[in-house]
Structures are given as structure tokens and as C-alpha cells.
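Got the viewer open and the model loaded? Then follow along, one selection at a time.

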Amino acid sequence: MLKLQDLMYFKILAELGSFTETSNFFNVSQPTISYAIKRIEEEFNIEIIVSDHKHHSIDITEIGQVLIIHIENIENELHEMSSNIDKLKTGDIKCGVPPIIGNTYFHRVSLNLIKNNLMDSVSIINKGSKDLITELKEGNIDIGLIGSLKPIKENNLISKVIKTDNYKIIISLNLTKYHLNNLKMLSLFH
């Protein structure tokens, strides 16, 4: 019966190119690695490596290369699962807030968090909106209050508008009518 560890053995074997180095890497015997490869090949009725005993080398088959891609996806899912479980165990939520939003809006949110005994579970990370989107995509923060003039559409992120605001341009009275007529920048805001 195929084991998850068998897949990990195969991935490292493909990277190191040697049964001896792979068994040393995992601190197991060489037959352990050989049996793992055999279980994978029998489970899927495929050949994933070709051994060249004369040169003490191995080649990964095309099917083996495809399998490695799936193993990497499995590793990523396991990492994400572990990270999610850790977050649930600690109950800590990392919330990204840009300074401007933090100064003008977050105090209302924080009052609700305090009222509901949740503020101790929230860690605030202050960064600009663009940086916070990167942090969200990389999984470094859990939620972000992002300022944006247009809808945020990013893979693996869910975006919901919670507040819209009207912005105004304020012009000094000292600006001459000539400058005002030639101020093409105003057209950018329509």
C-alpha cells in the first residue's frame, strides 16, 4: 500500500539522483527507498525511474516528472494545512491595516473587537495597501483592510467592499485662474 512518505522519498531521490544519498538524507536503509519506489510503481502501474547500474545513476521518466509536480502540490497543501491548523490552535489573526485607514477607520473596528472580547486575538500589521496585498497572497497575514480606487481581483483572495468614500480635490485660492485652466491633472480624477 502506497504511503505519503514514499512520495517524499521519490522526490528527494529525483533531486539527489542517488539511492545512497537519499537513504542518508532520511536516515533510513537503501532498501527502504527501493521499496518505496516499488510501491509507487505498483500502485499506479508505471515506471518512474530507470536505473543505470553500470554508471550508478538513475533517470526520472516522463511519468516520474509529472508525479514530482503532483508531489510538490501535495507538499504545498500539507504546509498550508499545517499553517491553518496552527492558526486555529492559537486563535491569533494577523490583520494588515494601512496607516491612513488605521487612523481614520480602524478605531471603529477595534471598538467592536474590544466589545466582543476579540482584540487580544488580533495582531495589527501596518503597511501600505500594495504591500498588504502581497502579504495576503504570500499567506503572511490573514485579513487586510485595503484602500483601493478599483476592485481588487487577485487569485486566492476574496475581496469585499466594506466602505466607499468620496474624495475631493482642494485647491488653494492663491492658484491663479491661468494655472487653474492649465491644470490638466484635474481631468485625471474624473
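Select asparagine 27 to begin: at 71% relative accessibility, asparagine 27 counts as exposed. Here buried means under 20% relative accessible area, exposed means over 50%, and partly exposed is in between, with a 1.4 Å probe and protein chains only. You'll find asparagine 27 in the loop between α2 and α3. Its phi is near 60 degrees, a positive value in a residue other than glycine. Most residues other than glycine have a negative phi.

Before you click on, a word on what you are looking at. This is a predicted model, where local features need pLDDT of at least 70 and side-chain atom pairs count only at pLDDT 80 or more, while totals for chains, interfaces and linings use all residues. Residues are numbered from 1 along each chain as its sequence is written, and side-chain values use heavy atoms, with hydrogens and water left out.

**The whole chain**

Now switch to a cartoon view. The protein has seven helices and five strands, and from the N terminus on they run α-α-α-β-β-α-β-α-β-α-β-α. Helices (H or I, at least four residues) and strands (E, at least two) are DSSP runs, numbered from the N terminus. Of the 190 residues in the protein, 23% are buried.

Select residues 4-16, which make up helix α1. Its 13 residues reach 19 Å from first C-alpha to last, close to the 18 Å expected at 1.5 Å a residue; that expected span is 1.5 Å times one less than the number of residues. Which residues of α1 are buried? Color Asp6, Leu7, Met8, Tyr9, Phe10, Lys11, Ile12 and Leu13 to see them.

Next, show the side chains of Phe10, Leu13, Phe19, Ile37, Ile48, Ile49 and Leu67. These have the most contacts inside the largest nonpolar core, which has 17 residues. Two or more residues of this core come from each of α1, α3 (30-44), β2 and α4, and α1 gives the largest share, five residues. A nonpolar core is a set of buried Ala, Val, Leu, Ile, Met, Phe, Trp, Tyr and Cys residues joined through side-chain atoms within 4.5 Å.

**The largest pocket**

The elements giving two or more residues to the lining are α4 (62-90), β3 (93-97), α5 (99-115), α6 (129-137) and β5 (143-144). Helix α5 provides the largest share, eight residues. By class, the lining has 25 nonpolar, 15 polar and 10 charged residues.

The pocket's volume is about 1800 Å³. On a 1 Å grid over the protein atoms alone, a cavity is a set of points where a 1.4 Å probe fits but cannot get out, and a pocket is an open set with protein on both sides within 12 Å along at least five of seven lines; lining residues have an atom within 4 Å of a point. Grid points are joined across faces, edges and corners, and a volume is the space filled by probe spheres set on the points.

**The second largest pocket**

Move on to Gly17, Ser18, Phe19, Thr20, Gln30, Ser51, Asp52, His53, His56, Ser57 and Ile58, which line the second largest pocket. Two or more of its lining residues come from each of α2 (19-26), β1 (49-52) and β2 (57-60). This pocket holds about 200 Å³ of space, and its lining has two nonpolar, eight polar and one charged residues. In this count, Ala, Val, Leu, Ile, Met, Phe, Trp, Tyr, Cys and Pro are nonpolar, Asp, Glu, Lys and Arg are charged, and the others, Gly among them, are polar.

**Last stops**

Click lysine 130 in helix α6; at 70% relative accessibility, lysine 130 counts as exposed. Lysine 130 and proline 98 are 32 residues apart in sequence, and their C-alpha atoms are 9.2 Å apart.

Finish in the loop between β5 and α7 (177-181), where asparagine 156 sits. Asparagine 156 is exposed, with a relative accessible area of 83%, and has a positive phi of about 70 degrees although it is not a glycine.
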